[in-house]
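Here is a short briefing on one protein chain. Keep the sequence and the 3D view open as you read.

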Amino acid sequence: MSISDVLTMGYHFGQARWRWQHLNGERLPAFQATKTRQLIAWVAQHSAFYRQHWQGHNLNDWRNLPAVDKSLMMANFREFNTLQVPAAAAFDLAQQAEQQRDFVPRLGDLTIGLSSGTSGYRGLFLVSAAEQLLWAGTILGRTLHQIKPTKIAFFLRANSNLYQQLGGRLIQFRYFDLTQALVGHIQVLNEYRPTIIVAPPALLLQLLAAAQNGQLSHRPERMISVADALANDEQQQLSNYFDIPIEQIYQATEGLLGISCAHGNLHLQEDIVAVDFEDLGQGRVTPYITDLWRRTQPIIRYRLNDVLRLSSQPCTCGSAFAVIEQIEGRRDDLCYFTCHGQRQAIFPDSLRRAMLLAHSAIQEYQITQTHDDQLTINVMLADFADQVAVGAAVEQQIKLHLADYGCTNCQLSIGFEPIEYGLVNKRRRVIRQ
């Protein structure tokens, strides 16, 4: 990295810290409004898609501009981004990087990445060199609670120039490829002794098992969950064993949305993204995000597929940025039942809580709904467990839970087959097909 790049990243690091401490009260919405109006005026000139999409709308009324989503973005990718990069060229480079496990090549000065495709098809992201430095400075400013030599072990399906930018003299960064066997990674972790381990929840749980059986001897100072929703019970298991709070980074192809503060609460990064919410009922919302900074691939009034619960309490850290109580998963995985004669959506987290209460011998499970009022539940048990007893407990808890909503006609099919998510795939415990 050049001296100029280091200075630029340091500037963004300082700016991120300043905004975190000073954007409160009326300053935060005023900051968002100013940034968004500047962004929209620029994007209207440089993105053919948005120019067409906003025709007939008042650009100053930005919170009511028509929304976009992944399908719309990918169907119009060349016109959507402001450099007219064709989707095929970006896909080819990103797929080649994943197949060859070489994530250095760029398209010009653009870093290209692919989403995991959990929603059924993969999204693309483009990040310019300038945006890359901004991201690196900001995420270091928010995640490094103390300035000291730090080793970061980063587990993910795919590496990126974006992440490699984090490395330097003070910060050592090492990428661990999730497609490689865990046993080799554990040996390296014991030797490398990272200060922070950053990984998807499924990998953190594998490290927990390795620590419990004596294979993983190293204990990091911090663990950060990324790339997938972290369930409350899993967060508690990890925290109890390693005796540290388990933090989170909530980031998607569409932007950097949330980072845990030093008090362990997950804050929306409201100086990076302005967020509007669609109320889903029962205390859940879906976010519509506007990235205040990205111009290569503008993300404006973009509807995510996520289901969130927001906290109504301010954080003791003093930040005015909103706190996410729980990332519950995907909106596509809402399950539907007939309750009091009406079709009603039940959130995946409700079914997960029922399973948590069902039986202590349940090690893993997956609930699939292919038709309304039906659930197929596959359960993986500890060796000593009685399948008949556990199956009866699962049926009782699920039916009791649904009865609270007035659903009394659900058909359950319970099986006991092995469940293998692997380390690369996201772990979806509740699936609506």
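Eight of the eleven residues of helix 12 (residues 348-358) are buried, so the rest of the structure largely encloses this helix. Keep in mind that this is a predicted model.

- Which residues of helix 12 are buried? They are Pro-348, Asp-349, Ser-350, Leu-351, Arg-352, Ala-354, Met-355 and Ala-358.
- Helix 12 lies across strand 17, strand 18 and strand 20. Its direction is at about 145° to strand 17.
- Those strands belong to an open sheet of four strands, in the order 19-18-17-20. The pairing in this sheet is mixed.
- Strand 19 and strand 20 (430-432) form the edges, and each of them pairs on one side only.
- On average, neighbouring strands of this sheet are turned by 20° against each other, direction ignored.
- Strands of a sheet pair through backbone hydrogen bonds, and they can run parallel or antiparallel.
- Strand 17 (residues 362-369) and strand 18 (residues 374-381) run antiparallel. Six bridges join them.
- Find Ile-362, then look in strand 18 for its bridge partner, Leu-381.

**Two nonpolar cores**

- In soluble globular proteins, nonpolar side chains tend to be buried together.
- The largest nonpolar core here has 47 residues. Tyr-50, Trp-54, Ile-112, Leu-124 and Tyr-250 touch the most other members.
- Which helix gives the most to this core? Helix 2 (residues 27-46) does, with seven residues.
- Look at Trp-54 and set aside its neighbours within four places in sequence. Trp-54 is then in contact with Ile-40, Val-43, Ala-44, Leu-59, Leu-65, Pro-66 and Ile-300.
- Another core, of 25 residues, lies apart from the largest one. Its members include Ile-346, Ile-362, Ile-367 and Val-390.

**Aromatic rings**

- A pair of aromatic rings is described by two things: the distance of the centres and the angle of the planes.
- How many aromatic pairs does the structure hold? There are nine.
- The ring centres of Phe-49 and Tyr-50 are 5.3 Å apart, and their planes are at 75°, so this pair is edge-to-face. Both Phe-49 and Tyr-50 are buried.
- Tyr-50 also pairs with Phe-80. Here the centres are 4.9 Å apart and the planes are at 50°, and the pair is tilted.
- This second pair links distant parts of the chain, 30 residues apart. Tyr-50 sits in helix 3 (residues 48-53), and Phe-80 sits in helix 5 (residues 77-80).
- Are these two residues buried or exposed? Tyr-50 is buried, with a relative accessible area of 0%. Phe-80 is also buried, at 0% relative accessibility.
- Ring pairs link Phe-49, Tyr-50, Trp-54 and Phe-80 into a cluster.

**Cysteines**

- A disulfide is a covalent bond between the sulfur atoms of two cysteines.
- The structure has one disulfide. The bond joins Cys-339 to Cys-407, with 2.0 Å from S to S.
- The link of Cys-339 and Cys-407 is right-handed, with 55° about the S-S bond.
- Its two ends are 68 residues apart in the chain. Cys-339 is in strand 15 (residues 335-339). Cys-407 is in the loop between helix 13 (387-403) and strand 19 (411-415).
- Cys-339 is buried at 2% relative accessibility. Cys-407 is buried at 4%.
- Cys-317 is in no disulfide. Its nearest cysteine sulfur, in Cys-315, is 3.4 Å away, and the cut-off for a disulfide is within 2.5 Å.
- Cys-317 is partly exposed, with a relative accessible area of 25%.
- Cys-410 is buried, with a relative accessible area of 10%.

- Thr-195 is in the loop between helix 9 (182-192) and strand 5 (196-199).
- Thr-195 counts as buried because its relative accessibility is 12%, and the cut-off for buried is under 20%.
- Leaving aside neighbours within four places in sequence, Thr-195 is in contact with Pro-149, Thr-150, Lys-151, Pro-220, Glu-221 and Arg-222.

Conventions
Residues are numbered from 1 along each chain as its sequence is written. This is a predicted model: local features need pLDDT of at least 70, side-chain atom pairs count only at pLDDT 80 or more; totals for chains, interfaces and linings use all residues. Side-chain values use heavy atoms; hydrogens and water are left out. Buried means under 20% relative accessible area, exposed over 50%, partly exposed in between (1.4 Å probe, protein chains only). Contact means heavy atoms within 4.5 Å. Two strands pair if DSSP finds at least two bridges between them. Axes are lines fitted to C-alpha atoms, for helices over the stretch in contact, and angles run from 0 to 180 degrees between N-to-C directions. A nonpolar core is a set of buried Ala, Val, Leu, Ile, Met, Phe, Trp, Tyr and Cys residues joined through side-chain atoms within 4.5 Å. Rings of Phe, Tyr and Trp (its six-membered ring) pair if their centres lie within 6.5 Å; planes under 30 degrees apart count as stacked, over 60 as edge-to-face and the rest as tilted.
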